[in-house]
Amino acid sequence: MKFVKALLGRSTPSELKQPELTDSHLLALARNELDWQPDPQTVENRIQSLHYGETLRALVTTESRYQKSATRTLATQLEQGQVNLRQLRQDIDDLERLLSIAALTGDPQLSETLLADFHNDDALLTLCLRTPSASLRHQLAERIHDEAALQAMAKAFKNKDKTCYRLARQRLDALKEARKQNVEREAAEDQLLEALLQHSQRQYNHEYAFKLESLKRRRAELAEQAPTDWQQHSNTLVAACEAVLAEGLKLEEAQRQDEARAQQPQKEARPEEAAPTPADPQFEQLLDNYAAILNAVLQLPPTEISVEELRKKLNGIAENWLHLKSSHIPSSTQQHAQVALSEALQQVLQQWEHQAETSQARQTAFAEDAVFAAREQACEQLRHWLKPLKHLPRHSAIINESPLFTALNKVEASLHAARQSEVDKHKQIGGMIKKAQAALRDGQLKRAQGIRYSAAERLEECAHVPAHLSRQWQELLEKLEEVSDWQSYAIVPKLESLVADMQALATTPLTPELQATRIHHLQDEWKAITKGSGGRHQALWDSFKAAADEAFEPCKQHYQALDAEREANTHKREALIEQLSVYLDSYDWEQADWGQVEKVLRSARKEWQGYSPALRASQQTLQKQFNDKLDAIQAHLNGEYEKNKAEKQRLIASLEPLTKTEDLQHAIDTAIRFQQQWKGIGRCRRKDDDALWQQFRGLCDTIFARRDAERNAQKAEVQRVVDEAETAIVAIEALLNIDEADFESAYREWQQSAEAVTFDESLPRAQQAALSKRLQRASDAVEKRFQGLQAQRAQQGWDSLFALKADINAKQDAQDALREALEALTFTPGNTQKHLLNAIDSTDEAENSDPARLLCIRAEIASGTSSPDEDKEMRMQYQVEQLQAGLGQQRESQVSLANDWLALPRLPEGDYLRLQERFLASWRKVS
């Protein structure tokens, strides 16, 4: 565009018509509703300048060509803190879109935060399969644990994403291994229960306790992971075994006491002999002597003491035992141990003496270079020789930890592993033979031949091949030979067709590249068809080879030109190396522009790749020289990286203590200042830069999280105050909805129990003013309703009093009824009750109606009402008297006027009703 403007000297028509892009234009562009096409670069620049808002969100969530650009812009704002993740989660419901934004920031913690509460493995797998970001894909894969989802993930990512595939396989293998271990553990639990059950049903003997201890140890090993019902069942069986043991020990002790009592008369008949006393330590010493002989028998290499010497020692210990037993009583346990040891050692020594092959068996079993079968047989002979020692549970530790048994167990384990490996190889070879046979049935001779070669390698590794496997192998070889002969006959037409194709290619060549490709393709086909044929088609091969050589002739010139290009590129690479050498030596590294240095490195690598292909002979040497120059420049850059790394580490070390300081504001100010300083520090190595940034960002987040926590606490406190005020206000407002019958009692209760509502200073002024206004409005409304009800009830009370006064004035004879009516009244303010009672009891009648008329005048004066013409003179006279008395225009109240009216003597009924109506008309207007 600039080139066109330079030629014409004016703006292009398209530029003149381009209006300025607005937010509405961007939204219309995202919806494909814009009626003109803006410049793409202008749109990109406008999107990058957008602040977070509705326009940017719409561009991010709407499928369009500018969605990626908007997503990158939003990711940058998120990374710089212009928008937070919580706000994005509220505004954007699309988890996949949020994850893509987080992935662009390079901060894996954001993705972890988004996925923290998301546990749907199927949905995770769907996102994992769709996302193009490898890091995000790996994060999603890490959160998948469901077996079905793992299987689908392994199938989908095989040969596509090694990390996801390996993770899926590892977890599937772990699940499989866990199931296997559970099955084995359950089998072991069942076996132990069966063993405990059988042991609880056995009769007591001298080995019962040892066997029970062994079972209890096994139970302790399994109890940690066993279910509760299994533990309870096993505890019951152990208790049953212990009961059998306790009963056996009790019977054994009783038997020993019976034997002691039976020997007591003989001892009394021979008083010169001292009564035998237990001598357990002496018997134990003799048992230790037996154990020493046992230890000598189990030495490896064999002890130098002869069998005869060992037998003499054994007989000597037996004689000492009998001698000691004549004067002392061994315990039954000691006696059983002595008998078992003596018999077992006698049997072992007898076999050692009479079987010359015993020594040979030791040598053969532990000789690593011995034949496998011979070592197995020797181990069996040793086990047979040592079989009597299995009945010595008391000395099981000596036996199991002896050199002979330890070495024998190790050898047998290795032999078992070797045998199992041999068996596995046999199975593998058998499977390969079956696969080769299946391939032959399917007509796949090439695949069958490949399997045959692999199986042959396995056969060479086997020390012994079973007869059935050898027979199957021979059958496979015969079948392969037969099929090869048949296929050799069948492929001749195919080979002839390849010869014809190659000859046609020689006569009508293609372009050099296509010609070489086609030649190689035909050669590959020939190799594929003739593989395993054993060179049976030499004549056809000679024709094919001659045609191929002729067809390749046109390609030689092309490759000669290519060689010239390689030579030219080689010279260019040499020149580039020289330029880098000059740059390296002449550049002022003390005042380096490190951004420019990075640019030089990138440009050099890109230019080097552009000079390809080069001569193969010099390629390795030039590559080394080029790498050396780059490494030297990189070394300077690494020094700068290390300096920047140290500076960033210093900021991190200074910021870390502030995460726990009490002066939070100081920590926040420092973190903000450090963030500005961080921006001014140059880059480190990408790996170090990312790690340091994560560490620094984590410390800043910790500090800001404390600030957020305090703000949240303040908000919570403000909300608590607001809630309490709201509750109080609602309670007051509720009084307005109570029926009039219950309102007064509720109002009295509220007045007595309600506390004054106060507002905390932390509450914002506007909110405090609004609550105060609402509280005052509610309180005033309640008070107004109460005053209204009071006034209404007072008015009703006065009406009742005036009605009773009218009845008293009209019905002098019904005094009792009037008194009852007076007593029934609840509203009798002031002296009203006294006045009415006097009126009931009084028989006097007023001489005239002047007092009543005067009261009417007083009420009319108080209410500002004019009097009738006939009473104007009396009104004037009353007012003059008031002025003379110094009372002036004193305002009278309703109560005083009403009390004076109720105190009037009886009047004629016609006059009274007329005057009372006149009095009440003015009296009700008095406030």
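Predicted model: local features only at pLDDT ≥ 70, side-chain atom pairs only at ≥ 80, totals over all residues.

Reply: Residues are numbered from 1 along each chain as its sequence is written, and side-chain values use heavy atoms, with hydrogens and water left out.

Me: How much space lies in the largest pocket?
Reply: On a 1 Å grid over the protein atoms alone, a pocket is an open set of points where a 1.4 Å probe fits, with protein on both sides within 12 Å along at least five of seven lines; lining residues have an atom within 4 Å of a point. Points are joined across faces, edges and corners, and the volume is the space filled by probe spheres set on them. For the largest pocket this space is about 1,400 Å³.

Me: Which helix gives the largest share of the lining of the largest pocket?
Reply: Helices here are DSSP runs (H or I, at least four residues), numbered from the N terminus. Those giving two or more residues to this lining are helix 6 (67–79), helix 7 (85–91), helix 9 (108–115), helix 29 (664–680) and helix 30 (686–734). The largest share, 13 residues, comes from helix 30.

Me: Are helix 33 and helix 34 roughly parallel or antiparallel?
Reply: Helix 33 (residues 815–824) and helix 34 (residues 832–841) pack with their axes 10 Å apart, at an angle of about 175°. Axes are lines fitted to C-alpha atoms over the stretch in contact, and angles run from 0 to 180 degrees between N-to-C directions. Angles over 145 degrees count as roughly antiparallel. Helix 33 is therefore, relative to helix 34, roughly antiparallel.

Me: Is Lys 648 buried or exposed?
Reply: Lys 648 is found in helix 28 (residues 616–655). Leaving aside residues up to four places away in sequence, Lys 648 touches Trp 678, Ile 681, Gly 682, Arg 683, Cys 684, Asp 689 and Leu 692, contact meaning heavy atoms within 4.5 Å. Buried means under 20% relative accessible area, exposed over 50% and partly exposed in between (1.4 Å probe, protein chains only). Because its relative accessibility is 3%, Lys 648 counts as buried.

Me: How does Thr 42 count by relative accessibility?
Reply: Thr 42 lies in helix 4 (residues 40–48). At 39% relative accessibility, Thr 42 counts as partly exposed.

Notes:
Parallel < 35°, antiparallel > 145°, perpendicular 65-115°, else oblique.
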